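Welcome! Please take a moment to look over the sequence and the model before reading on.

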Protein chains: 2
Amino acid sequence: MECKYCKLIKNLDDVVLETKHWKAKLSDEQSYLGRCVVFSKRHTADLSELNQAEWEDLRNMVIKLEGGIRVSLGARMFNWACLMNNAYQERSPVPHVHWHVRPRYDKKVKIGGVLFEDREFGHNYDRRRHRVISKEIREVVVKKIISGIRR
Amino acid sequence: MECKYCKLIKNLDDVVLETKHWKAKLSDEQSYLGRCVVFSKRHTADLSELNQAEWEDLRNMVIKLEGGIRVSLGARMFNWACLMNNAYQERSPVPHVHWHVRPRYDKKVKIGGVLFEDREFGHNYDRRRHRVISKEIREVVVKKIISGIRR
């Protein structure tokens, strides 16, 4: 079976950071402002399969992405999760390593006039939340993160 | 404020693996058989604060722990999460880097006559589940993981 992520990675929208071995894009779901997905560029099925160069470069991604989102959006801390459960709903699972990164906020943030509030700060993120934002606001968020990373 | 984890780490029960910079213990909560917490031995507040040696050694921990639990308990895949939300309920938060590791199973497993079943396999773990197992079964699980790592 083909890996849908390997295909997806080649044409990602809303990329905020690309390193040698990883690509980070803004998630469609923005309940937690600046939520991103970080994809391994090589097809790897689990964390144990990452080679040393990929692992070291992941640290680079973590530092730059956290730093950039802190500076640009005011995130207080971050939740990182590598799950890949959905892939195992298939008869022949094709998992591909990716991270869910949720910035968390101890205060309200306004972007282009739109208010973002982390109502669960200090607690687990709420998986039921699903907030879609306009293309215009997405672009502003992407640009802010990129400029935060490059600061 | 003092870090409760720095204190805790010195006297952990049910340690399954200690590396140069990390310590893994079996969690009290065992809905997902072999669930562990992996603590940074040095006080670090977030992933960006880990130094290169700690980050490289984390890869070592991931590979050994996943491999050991696969071999000894039959886990199919793993969910890794670094959250640390609860620390931010305090007025002066003292987060300490630790990972929640949930092995996931596509079949039932029996340990010492006790049945474990991952009813959410292929989906997110259920945070509401809270399964406490007897001291005897815990010891069996710890020993199995240790022998799996040493195989």
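This is a predicted model: local features need pLDDT of at least 70, side-chain atom pairs count only at pLDDT 80 or more; totals for chains, interfaces and linings use all residues.

Residues are numbered from 1 along each chain as its sequence is written, chains are lettered from A and ligands numbered from 1 in the order in which they are written, and side-chain values use heavy atoms, with hydrogens and water left out.

**Aromatic rings**

Let us begin with the rings. Over all chains, a search of the whole structure finds eight aromatic pairs. Rings of Phe, Tyr and Trp (its six-membered ring) pair if their centres lie within 6.5 Å; planes under 30 degrees apart count as stacked, over 60 as edge-to-face and the rest as tilted. Here are two of the pairs:

| Pair | Centre to centre | Angle between planes | Type |
|---|---|---|---|
| A:Trp80 and A:Trp99 | 6.1 Å | 75° | edge-to-face |
| A:Tyr88 and B:Phe121 | 5.6 Å | 65° | edge-to-face |

Strands (E, at least two residues) and helices (H or I, at least four) are DSSP runs, numbered from the N terminus. Both A:Trp80 and A:Trp99 are buried, meaning under 20% relative accessible area with a 1.4 Å probe, protein chains only (exposed is over 50%, partly exposed in between).

The other pair joins two chains, because A:Tyr88 lies in the loop between β4 and β5 of chain A and B:Phe121 in the loop between β7 (114-116) and α3 (135-150) of chain B. A:Tyr88 counts as buried at 12% relative accessibility, and B:Phe121 is buried at 18%.

**Nonpolar cores**

A nonpolar core is a set of buried Ala, Val, Leu, Ile, Met, Phe, Trp, Tyr and Cys residues joined through side-chain atoms within 4.5 Å. Which residues have the most contacts inside the largest core? They are A:Leu65, A:Trp80, A:Trp99, B:Leu65, B:Trp80 and B:Trp99, in a core of 78 residues. Apart from this core lies another, of eight residues, including A:Tyr32 and B:Tyr125. The four Trp residues A:Trp80, A:Trp99, B:Trp80 and B:Trp99 also form one aromatic cluster.
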